[in-house]
Amino acid sequence: MVARDTARGGGAGKAERSQPGEDTAGDPYVPSHGNGGYKVESYELDLDYRLNSNRLSGKATITAVATQALSRVSFDLTGLRVAKVLVNGRRASRYAHRNGKLHIWPSPALSEGSEFVVDVQYSGNPAPVDSPWGELGWEELTEGVIVASQPSGAATWFPCNDHPSDKAHYRITITTDSPYHVVANGRLVSRRTKASRTSWVFDQAAPMATYLATVQIGRYDVVELATSPVTMRGVLPSSQMRDFRSDFGRQQDMMRLFVKLFGPYPFGGYTVVVTDDPLEIPLEAQGISVFGSNHVDGRRGAERLVAHELAHQWFGNSLTPSRWQDIWLNEGFACYAEWLWSEESGGLTASQQVSKAYSRLRGLDEDLLLSDPGPDLMFDDRLYKRGAITLHVLRLHLGDDAFFELLRTWTRTHRHGSVTTEDFIALAETFSPEPYDIQALFAVWLDATDLPALPRRRR
């Protein structure tokens with residue numbers, strides 16, 4: 001997700017703690033989402049969508065492992081009606097669907113360490129849900145569908161454990177009207193047309209968080225952008241093709257730069273979708289970024305956002321925060337990637353971008369704690385900029401060689417995993433001859449609200 005100028009939000013309560021035989025465990029920033037007691041191994045989603053009536057019929061097969069003995073299993077599911085629930089091929093003894101939670105009582109109860117399979121058949125008219133951060137989830141476009149779930153919109157289209165730390169394999173089948181093109185996460189395994197309907201099958205082998213799962217549907221054409229160092233393609237209305245080639249023409253160079261600085265691209269390919277509707281902000285999904293028609297102007301007016309969303313494939317998608325508290329590990333890193341691209345492409349240097357952003361921050365309230373911004377400020381533009389400045393200060397402290405080797409080690413060590421701020425600090429300490437200096441650096445930039453002075457020069 002890219003920076004928002006104003007963060008809207010309400011407070012968050014404490015997450016409920018799991019008790020023996022129970023399964024509730026949400027993230028404190030989004031306490032109504034997420035469930036404890038199990039880890040999902042895979043989601044197999046078989047979806048049928050009718051565009052004219054906005055009617056979604058689905059079957060979700062969820063394979064998971066119980067991390068404790070469970071008498072009840074819960075999933076997040078909002079605005080859709082459940083018709084049937086099976087656990088390990090047998091009807092559940094009972095289930096209840098209320099307040100965005102699908103509670104299931106398996107018979108017999110699940111023992112700790114056991115693998116189990118839940119099948120849920122459901123249907124309805126999917127719609128985005130209101131949240132402190134705007135509308136999230138499955139949303140109709142003028143001609144198609146967009147799914148934007150960060151941080152808590154995945155439950156608008158499939159039952160899930162909607163917590164950023166629970167990453168799983170996905171296989172997504174979408175059957176819809178044949179004139180429309182479908183994009184979802186992972187490799188397109190097959191496409192079969194029968195009469196006026198086409199079924200698209202996608203397989204995402206790399207573990208993926210629920211908020212990064214997506215479906216995009218529209219009257220789109222496909223353009224191949226590059227095959228090296230990674231296969232890249234654009235999916236967009238034909239009317240935008242000429243401007244798109246200009247606006248995204250340097251994306252291959254961005255990819256080369258980021259592979260050099262951050263390490264190998266973590267997925268099998270990269271797809272950019274441009275909707276026929278304007279969007280307030282672009283958004284990232286695993287292996288995919290989505291832009292609005294307003295981001296394509298033929299003058300590279302949104303090129304910094306092109307770099308930002310591409311960088312999220314490393315920072316946010318391959319390396320996903322274990323908790324929303326650590327959102328700066330996504331947004332600060334992606335913002336700094338914008339500045340690295342600016343320097344590489346002949347724009348302002350990273351140091352000049354830091355000075356510009358720092359001057360702006362000095363004129364704003366200093367009430368943001370980067371290491372724990374709270375749900376109100378988790379998408380505040382100050383978090384993006386202060387996070388990026390923190391990385392630049394670290395770069396000045398370590399020197400370029402050590403700093404970029406740190407980033408490559410970070411992405412390699414935690415590839416396709418879940419990470420915390422503490423993980424990054426611990427790794428950074430190993431790159432400094434004086435670990436205490438690293439601790440002091442992060443203490444003033446992450447754990448205090450006052451804006452520290454910028455270092456005067458590179459050591």
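By class, how many nonpolar, polar and charged residues does the lining of the second largest cavity have? The lining has 8 nonpolar, 3 polar and 1 charged residues, where Ala, Val, Leu, Ile, Met, Phe, Trp, Tyr, Cys and Pro count as nonpolar, Asp, Glu, Lys and Arg as charged, and the others, Gly among them, as polar. The model is predicted, so local features need pLDDT of at least 70 and side-chain atom pairs count only at pLDDT 80 or more, while totals for chains, interfaces and linings use all residues. Residues are numbered from 1 along each chain as its sequence is written, and side-chain values use heavy atoms, with hydrogens and water left out.

A cavity is a set of points, on a 1 Å grid over the protein atoms alone, where a 1.4 Å probe fits but cannot get out; its lining residues have an atom within 4 Å of a point. Grid points are joined across faces, edges and corners, and the volume is the space filled by probe spheres set on them. Searching the whole structure in this way gives 3 cavities of 30 Å³ or more. Of the 12 residues that line it, S149, Q150, Y211, L283 and E284 lie nearest its centre. Strand β20 (283-285) gives the largest share of this lining, 3 residues; strands (E, at least two residues) and helices (H or I, at least four) are DSSP runs, numbered from the N terminus. The largest cavity, with a volume of about 90 Å³, is lined by L361, D365, E366, D367, L368, R382, R386, T449 and L451. By class, that makes 3 nonpolar, 1 polar and 5 charged residues.

Next comes the nonpolar core, a set of buried Ala, Val, Leu, Ile, Met, Phe, Trp, Tyr and Cys residues joined through side-chain atoms within 4.5 Å. Buried means under 20% relative accessible area, exposed over 50%, and partly exposed in between (1.4 Å probe, protein chains only). The largest core has 133 residues, and W157, F158, F258, W328, F424 and F442 have the most contacts inside it. Its largest share, 10 residues, comes from helix α4 (residues 328-344). Apart from this core lies another, of 11 residues, including V273, L279, L283 and I288.

Helix α7 (residues 400-413) has 14 residues and reaches 20 Å from its first C-alpha to its last, close to the 20 Å expected at 1.5 Å a residue; the expected span is 1.5 Å times one less than the number of residues. F403, F404, L406, L407, T409, W410 and T411 of α7 are buried, and their cover includes α2 (251-262), α4, α6 (381-398), β23 (418-419) and α8 (421-429). In helix α5 (residues 350-362) sits Q353, which counts as buried because its relative accessibility is 14%. Leaving aside neighbours within four places in sequence, Q353 is in contact (heavy atoms within 4.5 Å) with W339, S342 and L348.

Finally, some loops hold backbone details worth a look. The peptide bond from Q150 to P151 is cis, with omega near 0 degrees, and P151 lies in the loop between β11 and β12 (168-177). N54 is not a glycine, yet has a positive phi of about 50 degrees; N54 counts as buried because its relative accessibility is 7%. N99 also has a positive phi, near 50 degrees, but N99 is exposed, with a relative accessible area of 78%.

Terms used
On a 1 Å grid over the protein atoms alone, a cavity is a set of points where a 1.4 Å probe fits but cannot get out, and a pocket is an open set with protein on both sides within 12 Å along at least five of seven lines; lining residues have an atom within 4 Å of a point.
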